[in-house]
Amino acid sequence: KDGGKERGALLAARLARLNIVREDDLALHLPLRYEDYTSRVPLAQLHAGMSACAEGVVTASGVRYRPRRQWVCAIESDGENNIAALLTLRFFTFYPNQQKALAIGTRVRVFGEVREGHFGLEMVHPKFTVLGAADREKPFREMPLSDRLTPIYPTTAGLSQEVLAKQIARVLQRETVLRDDVAEVACRQEGLWGWSRALRFLHAPPPRLSREEQAALSSHIHPAWQRIKFDELLAQQLSLKQHKAARAGRRAEALKPRHVLTEALLQRLPFTLTQSQQRVWKEIGDDLALAVPMHRLLQGDVGSGKTVVAALAALRAVENNRQVALMAPTEILAEQHYHKLSAWLDGLPVRLVWLSGTLTPAQHKKTLAMLSDGEPAFAIGTHALFQKEVAMPNLALAIVDEQHRFGVAQRLALRDKAASIEEVHQLMMSATPIPRTLAMSFYADLDVSVIDKLPPGRAPVTTRLVNQTRRAEIIAHVGKRCAEGAQTYWVCPLIEESEKISLQAAETLYEELVAAFSGDGETADGAPLPKLNVGLLHGRMKPADKTATMDAFVRGDIHILVATTVIEVGVDVQNASIMVIEHAERFGLAQLHQLRGRVGRGSRQSQCILLFETPLGLMAKARLKVIFESSDGFEIARQDLRIRGPGELLGARQSGVPLLRFADPERDEALLERASHAADQLLKTKEGEAAAIQLIERWLGDKAEFFKA
């Protein structure tokens, strides 16, 4: 008894490492791939790139030591169709019992991926089954081939495929796991397979599948996979829509338009709002006027003018005698917001409060006291805003800039600062445009406003791809432009030299450029380089030093600012017209687009120079091609989703929203639309709402709570 309990506990612990804690989890632990033991391919018909089952007799076996210790066997066909052929088996990790099993003269059946080796075709670490011993006293046994594809599951140490398959087969007998009443009507309308049929098919494909069916199974486009993906998308859509509907039943302070501070700001701005900005401000203003908590995402490309819309929303709260908080992910961005808003609001009766980790203890204490008194205020800061000691009892609106940088817990901590039972309106902003499919699948719980036009007068940014071998030319070009009055960002991915990663480090580059523009530097052809001031900005600097450096760059005292990606978002220097990015192949598409958006904010012709190192990998080539050919943030985001998947675009929301396991928003867009429509239909009836709870429980379990953020 005790032994059985111990084994059960050990099995449960290993399953838990795979996030399998319920029977539904086991049923949804679907195969990674399938291995085909249904047919045997003659050795002479093998070719590189295929995965195959083959048989042969071991003709050579031994340990070799070049280039590293390995065990190498050769198996030869024994006259199949009178054609002799040879296949090499290579093992880099092996045990004495394996070597003994594959002695010379042994007949063996192997399965693996065939590749080109130094001495012909080979398999590396193939699976093998011994069919006959080397002494030949007994005839080789005939082992029947499987009549169906063999599923291969994701697993963990100590959990074999056989044990996992046995556990899955056990739960597939359960009626609760196979129950199909949840989405039966919706799926029948969509012409999809039944749930139990799809599950059983994927875990145990029937015999004699055609090559077309096998290909559809491997590429996840088979009808069985379509049903699984539809249910996953349906569960996600139901959860998002339910929580969105639940928010509509909660109360928030109705921030009515007073036309005092908001109009005063519009009158004093040195520009007129674009039609896009006016439209999104109306959408946000209409939301704020309701006694229902706003939960809106404001997205717009780099430089589209989101800050002024956020400022109008903040002033709406202040003119209703309430508090508002704007949180930014970095000290530099938060301070930029503070300085910009200070200039816009100078002279208006608005209490602007700055809170960050850089304040002295006395300043920090004074600021906390100002916020805790509940008087109307506009607080701006970093993550310091959601620390426990910060009290904003009259908080009515929380604005989160670059929301994908913050996790759900951080956003909730800011929202929960209010002392009243009323909820806080939330406005989240993102300069990383979200493709439509991603917005539908991961942001369906939010209302989305999009600033889709840039303000007039923005100079287009020319993008150039330049090999690192031409660095001297770029240094000369930057020197010439800066001598004519331009300013340059020069961005590096690292702060200091690393022995392991040969990237241009910020401190080394800084020293190189200081020497080049000291007044004694020369170009490759001997022409003198101008004397210029070079600055350095990176995340390890003290906050006061970062502020001083940035202020000097804004004033024009620094011509070239060598920086890490701390300047990726929010930094706004009108005169900066050149962006040089070292090792651009190492950056993500969203980062490259954000960095390029730091220039082109004034009237000067602007350039973004992407320095790259060869050889380039396929993904790096794809990224650089996209950023070179397009300046449309939404198209870049769409391509990023295609190349990398949703991870980077979702950012920290991954810590709050479960990523889809099987469905792909881009590839399965048609299924996503059908699931969204089916979710709307289900939620129209009491029976549908009850069914939705079951489906959400099956797919998300307690993860559904994350959508409430």
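W699 counts as buried because its relative accessibility is 9%. F662 counts as buried too, at 14%. Buried means under 20% relative accessible area, with a 1.4 Å probe and protein chains only; exposed means over 50%, and partly exposed lies in between.

This is a predicted model: local features need pLDDT of at least 70, side-chain atom pairs count only at pLDDT 80 or more, and totals for chains, interfaces and linings use all residues. Residues are numbered from 1 along each chain as its sequence is written, and side-chain values use heavy atoms, without hydrogens and water.

**Aromatic pairs**

The whole structure holds eleven aromatic pairs. Rings of Phe, Tyr and Trp (its six-membered ring) pair if their centres lie within 6.5 Å; planes under 30 degrees apart are stacked, over 60 edge-to-face, and the rest tilted. Two of the pairs are W71 with F94 and F662 with W699.

| Pair | Centre to centre | Angle between planes | Type |
|---|---|---|---|
| W71 and F94 | 5.9 Å | 50° | tilted |
| F662 and W699 | 6.1 Å | 75° | edge-to-face |

W71 lies in strand β3 (residues 70-76) and F94 in the loop between β4 (86-91) and α3 (96-101), so their pair ties together parts 23 residues apart in sequence. Both W71 and F94 are buried. Ring pairs also link W71, F91, F94 and F128 into a cluster.

F662 sits in the loop between α23 (647-650) and α24 (669-682), and W699 in helix α25 (residues 686-700). These two are 37 residues apart, so the pair links distant parts of the chain. Helices (H or I, at least four residues) and strands (E, at least two) are DSSP runs, numbered from the N terminus.

**A charge over a ring**

The charged end of R197 sits over the ring of W193, 3.5 Å from its centre. This label needs NZ of Lys or CZ of Arg within 6 Å of the ring centre and within 35 degrees of the ring normal.
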